[in-house]
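Dear colleague,

I am passing the structure below on to you, and my notes on what was found in it follow directly after.

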Amino acid sequence: MSDFGFEEEEFSTSFSGKTFRRMLGQTRPHWRRLVGFLVTIALVSALDSAFTYISKEIVDQGILANDRAALRDWVQLYAGLIFIQAIGVFTFIYLAGVLGERIRYDLRRTLFSHLQKLSLSYFDRTPVGWIISRVTSDTDRVAELLTWGMLDVSWGIMNTATAVIFMLIINRRMALIVLTALPLIVIAAVQFQKRILAEFRNLRKINSKLTGTFAESIAGVRVTKALGREQQNLLEFGELTGAMYRSSFRAAWLSALFLPVVQLISAFALGGVAWYGGIQFQLGGMTLGGIQAFVSYITLMLFPIQEMARVFAEMQHAVASAERVFSLMDSLPEIVDRPGAFDPGTILGDIVFEHVDFWYDEQSPVLKDFSLHVRRGETIALVGPTGAGKSTIVNLLARFYEPKAGTIRIGDHDYTDLSLKAIHSRLGMVLQTPHLFSGSILANIRYGQLGATQEQVERATKIASAHDFILEMKDGYETEVGEGGGLLSVGQKQLISLARAVLADPEVFIMDEATSSVDTLTEARIQRGIEALMDGRTSFVIAHRLSTIRRADRIVLIQNGRIAEMGSHAELLRARGHYYRLYTQQFRRQLDAEVETLGAPSPAPA
Amino acid sequence: MTAELGTSDLQGTLATRRSVGLWRLAGGFRRLLFFAALGIGVASLARAATYLLVGHFVDVVLLREDLRRGLPWVAAGFIGLALVQGGLTYLSGRLAARAAEGIAKRLREYLFDHLQRLSFAYHAQARTGELVQRSTSDVDAIRRFFADQATNAGRILLMFLVNLAVLIRLDAQLALLSVVVVPVTVTMSYLFFRRISQAYEAYQEQEAVLSAALQENLAGVRVVKAFARQEFERSKFDTENWEKFRRGRRLLIMHSLHWPISDILSGLQMVFGLTLGALMVMDGRISIGTYLAYAGLIIWIIWPIRNLGRLVVEMSSGFGSYSRVADIIREEREPLEEGSYRPSTSPEGDLVFKGVGFAYPDGGGEVLEDIHLHVLPGQVIALLGPTGSGKTSLVNLLPRFYDYTSGSLLLDGVELKAYPRRYLRQHVGIVEQEPFLFSRTIRDNIAYGVGREVSPTEIEAVARAAAIHEVILSFPDGYDTLVGERGVTLSGGQKQRVAIARTLLMDPQILILDDSTSSVDTETEALIRTALERLMEGRTSFIIAHRVQSLMIADLILVLQGGRIVQRGSHAHLVAEDGLYRQIHAAQTRIEVELERELASV
């Protein structure tokens with residue numbers, strides 16, 4: 001599912017105090033909530049122990065002393081404390097919960113903002129799924145530990161501590177006997193939780209494999225059916241479910257064993273209490289209510305310990321999660337405004353690549369000593385085989401990446417002296433695989449110019465030949481495009497993204513196979529609009545259609561990261577070189593498209 | 001777990017009532033569940049006995065002063081009861097886990113197999129993500145239903161009943177007065193949790209919105225940068241993020257109200273019971289030992305009931321998951337073995353179409369109409385026509401991916417519908433335009449279609465014939481190179497040749513080729529063409545053609561339009577005839593001529 005090197009790294013090898021402190025630091029702006037819920041939880045758990053003590057006094061001072069007044073007093077106290085505790089419960093659930101939501105909100109906001117600053121190269125090497133789980137599940141786990149985790153721990157500590165104090169008050173010797181059982185329970189709890197969590201981790205891995213197998217099996221169902229592989233597939237799948245069954249079952253019976261083991265330990269303590277307490281009772285050192293209280297304290301003690309053990313085992317994961325969240329927060333954008341970066345007011349001017357080297361991966365350079373001088377207002381067509389470096393050139397121009405060596409000049413400036421915004425806000429880009437955002441068609445086109453009026457939008461869509469098909473849609477401009485524009489065809493998406501770029505009214509225009517999926521008729525219509533648009537702007541066109549290439553001022557043939565041939569269409573054909581071969585080959589390829597559309601029921605882009 | 005792989009049929013377990021469906025789904029594991037429940041019941045009894053022992057200890061042992069003799073027995077009694085209780089709790093937990101995991105495993109395997117046996121029509125309209133979701137998360141929710149929710153609900157009810165029975169034996173009046181609050185708590189929890197589950201769903205929905213927003217932003221990172229819209233994106237995300245915070249807070253207010261209220265109800269009931277008990281002791285109606293036993297037992301009645309409400313809500317999510325899974329199970333499988341005619345040898349490959357028509361089951365009219373055709377064994381038929389003209393639908397009939405809806409189609413003189421699908425799929429090979437390879441080794445991919453061990457020499461032989469052997473050897477791991485996300489990415493042309501090798505190994509008598517080489521360069525195109533021609537030798541072949549070169553080798557060219565054969569014949573014949581073929585041919589020639597003219601003019 002995930003790419004190499006992005007396997008879910010589960011653990012930081014050692015417990016990192018620094019990460020933990022930084023994690024705690026997230027609560028700092030909201031320290032009042034944190035203190036508030038820690039104080040109330042302490043109160044609530046102290047009251048829990050107090051109730052047991054009151055029950056003891058009801059027996060000793062009320063029933064055994066046959067004192068109705070004392071009984072009434074204690075019962076009233078009990079009832080009053082119930083209300084106070086209820087207020088405490090309300091307060092800590094609310095405070096801890098809101099704190100958790102707030103930490104989630106803060107972390108996600110910070111991460112999202114940071115992601116907007118990171119350079120494209122970061123997104124090239126980081127799978128989307130990895131980033132998403134950092135922003136969603138990892139922040140969840142951090143928030144979870146900082147709130148409910150801390151809550152459970154402080155409840156546990158406070159509960160155990162107050163229980164011990166009350167026991168010491170009732171009978172010191174007996175309390176000490178009971179306390180010997182405590183470490184045993186703690187050890188058992190920690191050991192169990194460690195094993196159970198390890199099994200859960202294993203289970204998660206199996207589960208992601210299982211999900212992958214399901215997905216592949218469904219995606220490849222045609223092949224499976226065509227080749228009759230059903231039985232064999234099922235057998236292989238059975239191994240996976242078998243592993244899952246074993247792991248899941250083990251986790252379940254370990255959990256089921258934990259409570260009885262701890263109960264058994266406390267049963268020994270209980271036996272001890274009965275024995276020693278009985279003797280003490282006869283000697284007068286122990287009351288009936290006291291024995292009862294001890295029994296209650298012992299029985300109830302294992303719950304806080306179980307919770308604490310769980311939190312401590314979980315903590316390692318949360319810290320690992322926090323580490324990943326912080327590593328994303330700390331990753332530096334590679335392309336940033338230099339100190340003193342400025343906005344020249346326009347980027348319309350000669351664009352010059354001077355001895356540019358570039359690679360994504362050092363082992364395989366894409367551009368080597370690439371130089372190109374583009375005059376202001378010129379239209380340049382970039383052609384060449386896949387992987388030759390055409391898209392890289394326009395990506396460098398857009399400063400999504402910067403040259404590894406050499407410079408790119410826009411006007412009279414090295415473009416790294418300009419601010420990113422100065423370049424991006426004056427650039428229009430239309431890509432082969434256009435990306436639309438979910439929302440209406442109108443909102444998507446307005447992405448190019450946020451405050452555009454309906455007239456402006458329609459002017460742009462008319463240039464892009466999108467107006468007519470938009471009006472034919474159910475809700476016209478208000479039609480929802482779906483996630484990633486999924487409700488539209490690729491051709492329609494290309495036209496909308498073209499309109500979006502037109503609306504932005506850029507000074508430099510980049511079209512990377514922008515109309516590859518548009519039918520021939522529409523293409524011809526767009527052509528005129530585009531040509532009018534390119535007038536007075538510097539344009540780079542990576543094209544696939546002959547008509548587009550032919551009309552460029554200059555054609556640059558890129559091969560292996562170098563300019564192999566350059567000149568006008570006529571010049572290059574006359575040379576009978578690579579371009580000539582590429583061109584004639586393209587011609588043949590166009591036949592396919594013609595065959596597919598000829599006589600087809602509807603020539604619409606849909 | 002005892003069930004054999006894929007042999008059990010879960011379709012029979014479906015029921016209109018979901019509770020009945022879930023009950024039937026547990027078939028074969030109900031005995032385990034029964035014993036798990038029994039274990040919990042007895043464990044609860046043991047716990048109740050512990051408190052009775054406390055009472056006995058106080059009344060008989062402590063107060064009657066035969067301490068030395070009685071004490072060891074009492075202490076041993078505590079430990080003995082704890083052993084019984086712990087042992088049974090563990091055992092029933094184990095049994096319940098075995099049942100739940102077994103049910104889940106069977107369900108997973110069933111779904112996996114079911115999905116690969118559902119019809120093409122089903123898969124054409126289903127969304128992969130949704131099916132995966134149902135087969136994993138929803139199955140897990142059902143597992144949790146059996147492992148935790150149903151078991152816990154059972155445990156709480158049993159505990160309640162057992163402890164109440166014991167209480168009644170202690171003192172009937174006291175017992176009944178101690179549970180007056182129970183109906184109130186249950187009703188209140190029910191009302192609250194209806195709201196809470198709504199608030200929770202709203203919260204979860206927003207979580208989904210938020211991650212969709214993030215995903216979209218990441219997918220559109222180039223657009224965001226190209227238009228310098230970072231600020232806009234930030235505020236868009238912030239709106240959704242804040243909305244989630246708001247919904248989270250709303251959910252929390254409900255939670256933080258519900259818990260204290262039910263705490264107050266339960267707590268007051270406790271105080272009420274304890275006071276009543278205390279007064280009864282003072283009035284001499286019950287012994288102090290009985291009171292102490294009562295004080296212990298009452299906790300185990302009141303607090304579990306408090307948790308019942310939450311369980312009810314969790315169970316409703318299990319019910320929802322069950323409905324979604326049941327929707328898949330309800331679909332009819334495509335019977336692979338059904339068919340009255342089962343020849344033991346390969347077919348000859350003689351095909352006769354007599355007025356064949358086809359319409360997709362979802363309505364939408366005829367995709368193929370009145371197809372008449374006779375194909376002799378070994379003939380090559382080329383299909384040509386615009387998108388949506390029915391080329392693919394026509395070849396999909398041969399392996400019975402879909403069944404023709406009218407007319408008659410005979411293979412070797414026998415109606416095609418009489419052949420079992422498995423037989424046809426063994427003898428009809430398909431090479432798709434964009435073949436699907438699995439993320440396994442290249443070797444496994446080539447051997448994918450044959451259900452037997454294949455020797456390396458055999459694999460190499462077909463790879464050579466498919467002109468892919470050299471390419472495979474150029475990878476560091478050769479034939480053991482992984483394909484896909486975790487391994488090498490093959491180009492379109494390479495994938496196609498691996499698929500050709502895969503089909504060659506199957507050695508089918510009838511062959512279907514979706515011949516598109518538009519994404520490959522000229523050299524590769526020639527390689528693929530040679531490989532394809534080798535593949536077609538001696539087999540009845542259908543080519544979905546896109547280029548003139550492919551048409552040339554065909555014995556018969558069919559031109560399809562709107563689901564009908566509008567023209568048929570050889571190239572020479574068709575060019576001479578007025579019609580679509582000539583139009584296409586003219587378009588091609590026109591472009592060629594234009595090219596020639598342009599080249600001449602420069």
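B:Phe34 has its place in helix H2 of chain B (helices are DSSP runs of H or I with at least four residues, strands are runs of E with at least two, and both are numbered from the N terminus). The model is a predicted one, in which local features need pLDDT of at least 70 and side-chain atom pairs count only at pLDDT 80 or more, while totals for chains, interfaces and linings use all residues. Residues are numbered from 1 along each chain as its sequence is written, chains are lettered from A and ligands numbered from 1 in the order in which they are written, and side-chain values use heavy atoms, with hydrogens and water left out.

With a relative accessible area of 51%, B:Phe34 counts as exposed (exposed means over 50%, buried under 20% and partly exposed in between, with a 1.4 Å probe and protein chains only). Together with B:Phe35, B:Leu38, B:Val42 and B:Val84, B:Phe34 forms a nonpolar patch on the surface, with about 440 Å² of accessible area in total (by the Shrake-Rupley method with a 1.4 Å probe). Such a patch joins nonpolar side chains (Val, Leu, Ile, Met, Phe, Trp, Tyr) within 5 Å, and like charges within 9 Å, from residues with over 30% relative accessible area and no salt bridge. Helix H2 (residues 30–62) of chain B gives the largest share of the patch, four residues.

Over all chains, 51 salt bridges are found (a side-chain nitrogen of Lys or Arg within 4 Å of a carboxyl oxygen of Asp or Glu). In chain B, the side chains of B:Glu337 and B:Arg422 meet in one of them at 2.6 Å, N to O. This pair links distant parts of the chain, 85 residues apart, with B:Glu337 in the loop between helix H10 (288–330) and strand S1 (351–359) and B:Arg422 in helix H12 (residues 421–427). B:Glu337 is partly exposed, at 40% relative accessible area.

In chain A, A:Asp475 and A:Lys474 form a salt bridge at 3.3 Å, N to O; A:Asp475 is partly exposed, at 43%, whereas A:Lys474 is exposed, at 75%. A:Asp73 and A:Arg72 form another at 4.0 Å, N to O, and A:Asp73 is partly exposed, with a relative accessible area of 43%. There is also a network of salt bridges that links A:Glu101, A:Arg104, A:Arg108, A:Asp140, A:Glu144, B:Glu207 and B:Lys244.

With best regards
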